[in-house]
Amino acid sequence: MKDNRGFLAEIMNIKEKVTSAFIKRYKESPQFIVRAPGRVNLIGEHTDYNDGFVLPMAIDRAIWVALRPRDDLAVKVSSLDFSKPCEFSLEEITHGDGWGEYLRGMAWSLQESDYPLQGWEGVLASDIPVGAGLSSSAALELATARSFWAVNPWEWDATKMARLAQKTENEWLGVKTGIMDQMIVANGKEDHALLIDCRDLSSQLVPLPTETAIVVLDTATRRGLIDSAYNERVSECQIASEFFSVDALRDISLSFFENHVDKLDPLIARRAHHVVSENERTLEAATAMKTNDRVKLGQLINASHISLRDDYEVSSEELNIMVEIANTQEGCFGARMTGAGFGGCAIALVEKSIADSFAEKVSSLYRAKIAIDPQVYICHPSNGAELVKEL
Ligand code: GLA
């Protein structure tokens, strides 16, 4: 558990770490410092690729890049978290491996859309845990876009950048993700979550209910084969929307679903039931937030977890244990897995005044129950990808 002070110190640390690593390497201060956050999703899980609604927030864990322009078309970046640097030429972007693929892919997407790219070099570091479901990949994509923008600016349109980051995932990396992660990492706003309509990408800022905190509960478990299970769910949803003769599951209401589901294969029906009911819960959750109704919001969060566990089957034993433990604590309004699932993180909506003791208790109960050390911390809604320093 990290309290806020420790956490603020850590943020300063990362910024300072990339700055001093830059100075050590290049013997001068960085010209720009760029930051792109991770995210948690409050509700609206596995709805984005069904043209539905999501309600994520950007968090105060981020990737930081310290950089300066080059006068040629080379990109040279080292990471304080990985040993192998990423180096490529914008003259001909080819595939490489590891974390550098996100930079190459983003450069390729930007070039495909005719953005004027110039070379740059620098150092990056991150405190977003990899594989935890907090969107470290989207953060790397948007940090890359912001870095290219910093050295040779164009009109920054966050939603366009999110689409290009999704193109990177889908076409450069071959992963069929939806648009949620990139949208929130690009468009996040301090103190707010964002209700996003994944069909037309319109969005509305929604404040957290007063006197509440969001606690990240990282089970410290990671699963392999997530991509194939994810792609399987995407296909199952496509089968369901074909059955109902609609473009996407977004187009049917719960009552329509209930009246027309009887001839649908039972497994596909459960998948579709999750998506259709989750869309309704997400809209209700946004209303609960706008009316400052934290009890209702907590109930919807709990219902979302049950639906993901039983109908969509993307939770895990550890996530279920974590959520159960969280819900037995006083001052917890609701808890659920967040992100794609199969391991990684849950979140809890809790009374602000007890957030620290909640985090401590949940950590020790989880540890006692399954002998795994979780990472539990309060997170704050933060801005999307941004330039934080310009010389
Ligand atoms: C991953 C994907 C998102 C979304 C979530 C599940 O994070 O990248 O597009 O589908 O899973 O809601």
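**Exercise 1.** In this predicted model, find how many residues of domain 1 are in contact with how many residues of domain 2.

*Solution.* Start from the contact count: 39 residues of domain 1 touch 45 residues of domain 2, with contact taken as heavy atoms within 4.5 Å. Next, locate the two parts on the chain. The domain assignment gives domain 1 as 4-206 + 382-390, and domain 2 as 208-379. Finally, the spacing: the domain centres, taken over C-alpha atoms, are 25 Å apart.

**Exercise 2.** State which residues surround the ligand, and from which domains the shell draws them.

*Solution.* First list the shell: R39, E45, H46, D48, Y49, T177, G178, M180, D181, Y230, G339 and A340. Last, assign them to domains: domain 1 and domain 2 each supply at least three residues of the shell. As for the site, the ligand sits in the largest pocket.

**Exercise 3.** Which N or O atoms of E45, Y230 and G178 lie within 3.5 Å of a ligand oxygen, those of the side chain or those of the backbone?

*Solution.* Take E45 first: a side-chain N or O atom is 2.6 Å from a ligand oxygen. For Y230, the atom also belongs to the side chain, and the distance is 2.6 Å. For G178, a backbone N or O atom is 3.0 Å from an oxygen of the ligand.

Key:
Residues numbered from 1 in each chain as written. Predicted model: local features only at pLDDT ≥ 70, side-chain atom pairs only at ≥ 80, totals over all residues. Heavy atoms only, no water. Near = heavy atom within 4 Å. Polar contact = N/O pair within 3.5 Å; in protein donor to acceptor, adjacent residues only side chain to side chain. 1 Å grid on protein atoms, 1.4 Å probe; cavity = no way out; pocket = protein on both sides within 12 Å on 5 of 7 lines; lining within 4 Å. Sits in = over half its atoms within 2 Å of the grid points. Domains from an automatic or database assignment.
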